[in-house]
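Please look through the notes that follow with the model open beside them. They go point by point and can be checked in any viewer.

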Amino acid sequence: MAASRIKILVTGSEGQLGKTIADLAPHQHQYTFIFLSRTQLDITHAQQLEAVITKQQPDIIVNTAAYTAVDAAEDNRQQAFAINQQGPQLLAGVCKKHEIALIHISTDYVFDGQAQQPYKENDTINPQTVYGQSKRAGEEAILEAGLSRFLIIRTSWLYGVHGHNFLKTMLRLGQERSHLNVVNDQQGIPTSVIDLTKAIFTIIPQLTPANSGVYHYSNSGRATWFDFAQFIFENCELKVSVEPVATLQFPTPAKRPEYSVLNCDKIRNTFGVKTPDWKKSAASILSIVNS
Ligand SMILES: NC(=O)c1ccc[n+]([C@@H]2O[C@H](COP(=O)([O-])OP(=O)(O)OC[C@H]3O[C@@H](n4cnc5c(N)ncnc54)[C@H](OP(=O)(O)O)[C@@H]3O)[C@@H](O)[C@H]2O)c1
C-alpha cells in the first residue's frame, strides 16, 4: 500500500512566502496542502486555532504568518508581540497537544548587526527593534514548548513575485525615476522566497527530533541594498542612475542592522538544501516578474 501523503497546513497564506508555497505546491505530489489566510485562521485566536487543527489534523504546520511592518512595529508593540510572540506560542501549544511538527520562520533582526563575520545560529541574540524583539520572543516561545519535531528558520532580505519587497519597489521606482539614492552601508544577502520554499519542501520529510532546532537560510554571496538595486536595473535594462548613500541619509523609525549575513552551513549540511548565489536567484525572479 502506498504511504499516505504528508499533510501540510500553511498559515498566513496571503503573504509573500505563503503565496509562493501555494505557487509551488502543485508540483509537490508527496504532500497535501491546506492554505489558510488570516481571515480563515488568526494564529492569535486560541479557540479558532484549536478548532481548525482538530478539524484538519495536519502532520505539519508551516507558520508564515507574522507582523512584518518593521517601522510600524515601533509604535505598535502590542500588536507585533501578539502576532509574532503569542501567535507562535499558541501554535506551539496546539502542535504539542496534537503531536504536529512545526516549521516557523524568523529573521536576521534577532541579531544586532554588529558582527564582522556571518552569523551562526548560536551567536549572541540582541534585537535592536520592536519587530526583532517580537520575533525573538516567538522563537523563545517555540523553543520552550518542548516540541519533538520543530524548526525555526531565520532568513533575511526576502523578496519574490508576491507582496511588498525591495525588488518590486525598485522596479516600480525604476519606471518613475531616472535617478535614485540607495543605501550602501548595510550588508546582507537578498533571499529568493522561491529558494526558501524549495528548502522547506526538502526539509519536511527529513525533520526528526534529533535535527530539530534553529537554522539559518539565505542565498549565498553578499550585497548592499545599492548592489541589489544596481543588479535589478542592469538585469532589466532600465536606465536608472543609482547613487550609493549612507543610512544616515535615510532615517527610519526602526534601526536597520549594518551587517546581516547569515551563515547557512548548518542547514546545508543537515538537510542538503541548496543556497544558490543571490544574483542567479534574483535573475530568475526578475524573469518571472517581467514575463
Ligand atoms: N520579508 C522579509 O524581508 C523577511 C525577512 C526575514 C524574515 N521574514 C519572516 O518571513 C516570514 C514570512 O514573511 P513574508 O514576507 O511572507 O510576510 P508577509 O508578506 O507580511 O506575510 C505575512 C502574512 O501573515 C498574515 N498575518 C498577520 N497576522 C496574522 C494572524 N494573526 N494570523 C494569521 N495570519 C496573519 C498577514 O496578513 P495581513 O496582510 O492581512 O496582515 C500576511 O498575509 C515572516 O515570519 C517574517 O517575519 C521576512
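**Notes on the model**

1. Begin with Glu237, which counts as exposed because its C-beta neighbours inside 10 Å number 6, and the cut-off for exposed is 12 or fewer. Keep in mind that the model is predicted.

2. Glu237 sits in the loop between α7 (225-235) and β12 (241-245). The phi of Glu237 is near 50 degrees, a positive value in a residue other than glycine. Most residues other than glycine have a negative phi.

3. Trp157 also deserves a look at its backbone: phi is near 45 degrees, a positive value, and Trp157 is not glycine. The loop that holds Trp157 runs between β5 (150-155) and β6 (158-159).

4. Is Trp157 buried or exposed? Trp157 is buried, because 24 other C-beta atoms lie within 10 Å and the cut-off for buried is 20 or more.

5. Next, the helix packing. Two packed helices are described by the angle between their axes and the distance between the axes. For α7 and helix α9 (residues 278-289), the angle is about 45 degrees and the axes are 11 Å apart. The two helices α7 and α9 are therefore oblique to each other. The crossing in which α7 passes α9 is right-handed.

6. Which residues of α7 meet α9? From α7 they are Phe231, Ile232 and Asn235, and in α9 they meet Lys279, Ala282, Ala283 and Leu286. Sorted by class, this contact of α7 with α9 has five nonpolar, one polar and one charged residues.

7. Now the ligand. There are 26 residues around the ligand, and those that come nearest are Gly12, Gly15, Leu17, Ala65 and Ala66. At least two residues of the shell are supplied by each of α1 (16-24), α3 (77-98) and β4 (101-107). By class, the shell around the ligand has ten nonpolar, twelve polar and four charged residues.

8. Gly15, one of the residues that come nearest to the ligand, lies in the loop between β1 (6-11) and α1. Gly15 is buried, because 23 other C-beta atoms are within 10 Å and 20 or more are needed.

9. What does Gly15 touch, leaving aside residues up to four places away in sequence? Gly15 touches Thr64 and Gly163. Gly15 and Thr64 are 49 residues apart along the chain, while their C-alpha atoms are separated by 7.5 Å.

How values were computed: Residues are numbered from 1 along each chain as its sequence is written. This is a predicted model: local features need pLDDT of at least 70, side-chain atom pairs count only at pLDDT 80 or more; totals for chains, interfaces and linings use all residues. Helices (H or I, at least four residues) and strands (E, at least two) are DSSP runs, numbered from the N terminus. A residue is near a molecule or strand if its C-beta atom, placed from the backbone, lies within 6 Å of it. Ala, Val, Leu, Ile, Met, Phe, Trp, Tyr, Cys and Pro count as nonpolar, Asp, Glu, Lys and Arg as charged, and the others, Gly among them, as polar. Axes are lines fitted to C-alpha atoms, for helices over the stretch in contact, and angles run from 0 to 180 degrees between N-to-C directions. Angles under 35 degrees count as roughly parallel, over 145 as roughly antiparallel, 65 to 115 as roughly perpendicular and the rest as oblique. A crossing is left-handed if the near helix is turned anticlockwise from the far one by less than a right angle, and right-handed if clockwise. Two residues are in contact if their C-beta atoms, placed from the backbone, lie within 7 Å.
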